[in-house]
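Visitor: I am new to this structure. Please show me how to read it, one feature at a time.

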Amino acid sequence: MNVRRLIPAAALAGAMALGATALTACSAGAAGGGKDGKLDVMSSFYPMQFLAEQIGKDHVKVGTLTKPGVEPHDLEITPKQTGQLGESDVVLYLKGLQPAVDKAVAQSGVKHVVDAAKLTKLEVHGSSGHDHAHEGEEGHTEGEAGGHDHGHGEAGEDPHVWLDPVKYAEVAKGVGAALEKADPDHAAEYRKNTDELLGKLTALDTEFKDGLRNSASKTFITTHSAFGYLAERYGLDQEGISGVDPESEPSPARMKELQALAKKDNVSTVFFETLASDKTAKTLATDTGLKTDVLDPLEGITDKSQGADYFEVMRSNLKNLQKALGSK
């Protein structure tokens, strides 16, 4: 909790104005709003929270608007959260993913606002539930791809960049630079922490590249078409079930299409996520004779997650993909 919220309203307004002046004209050692002097960072959801924690470490106090177990796309901001957001020193979010957050951030008046969507190139992965990704790291998805029918940017860009370690590293660089600017007294440490995180993400990219290079199939079916960037990065083909809502029922036509596709592309598994029902996946699996497993879009960590943080869950995703694709 930011201690400034305990100050009466009149004093709060003055304190915030004074704090803003101090941040602009003086050192950012004064940027931390709490008595502990830490930089007060508000993140929109888990992938942004994780970056702030990894890069800021002991110099930041990180909050999140999306609590564990809440589906980020459907988040509604409470008045209390709006107040917390406005009192933050730094806000990290991904414009286009959570409309309620976009609106609150636009009205917050916070000086240091970081939009992850501007830190890497977003791509349009279509809208009907198919990804036809090309081989190689530099290819761009040309076919149709499933995304969300809500939570996309104005141009329909896919926001799920954190599921590609390379793109997530680009976002991490931008977050590190923003923390340096907001708190220059600790810039060297933020830079060091950013470099350490980039090294870990590079290693993760190598693990995925090597782990998925030789597989019997390149196609995977998922109820949540969030993996367009991952598929593109590692030469895979994501097939989303009809209806972008993970809990929606697939149409008979799509079921028939997926049955044929599963047979043709040697698909063994229908993936579902941890924050939504597995009903759709089980329906399709039953009708097609396939297995089900988890492919986590990493929009939040709960006690049901296959890992305690980003890296652990991503490695669980890799293991599940290798098993489903018949990696050698």
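Visitor: Is Pro 99 buried, partly exposed or exposed, and what is its relative accessible area?

Guide: Buried means under 20% relative accessible area, exposed over 50%, and partly exposed in between (1.4 Å probe, protein chains only). Pro 99 has 48%, so Pro 99 is partly exposed. Pro 99 sits in helix H4, residues 99–106. Helices (H or I, at least four residues) and strands (E, at least two) are DSSP runs, numbered from the N terminus. This is a predicted model: local features need pLDDT of at least 70, side-chain atom pairs count only at pLDDT 80 or more, and totals for chains, interfaces and linings use all residues. Residues are numbered from 1 along each chain as its sequence is written, and side-chain values use heavy atoms, leaving out hydrogens and water.

Visitor: Is Glu 239 buried or exposed?

Guide: Glu 239 has a relative accessible area of 2%, so Glu 239 is buried. Its place is in strand S8, residues 237–240.

Visitor: With which side chain does the side chain of Glu 239 make a polar contact?

Guide: A polar contact is a pair of N or O atoms within 3.5 Å; within protein, one must be able to donate a hydrogen and the other to accept it, and residues adjacent in sequence count only if both atoms are side-chain atoms. Here the partner is the side chain of Arg 254, at 3.0 Å.

Visitor: In what order do the 4 strands of the open sheet lie?

Guide: Two strands pair if DSSP finds at least two bridges between them. The order is S2-S1-S3-S4, with parallel pairing. Strands S2 (60–64) and S4 (112–115) are the edges, each pairing on one side only. S1 (residues 39–43) and S3 (residues 90–93) pair over 3 bridges.
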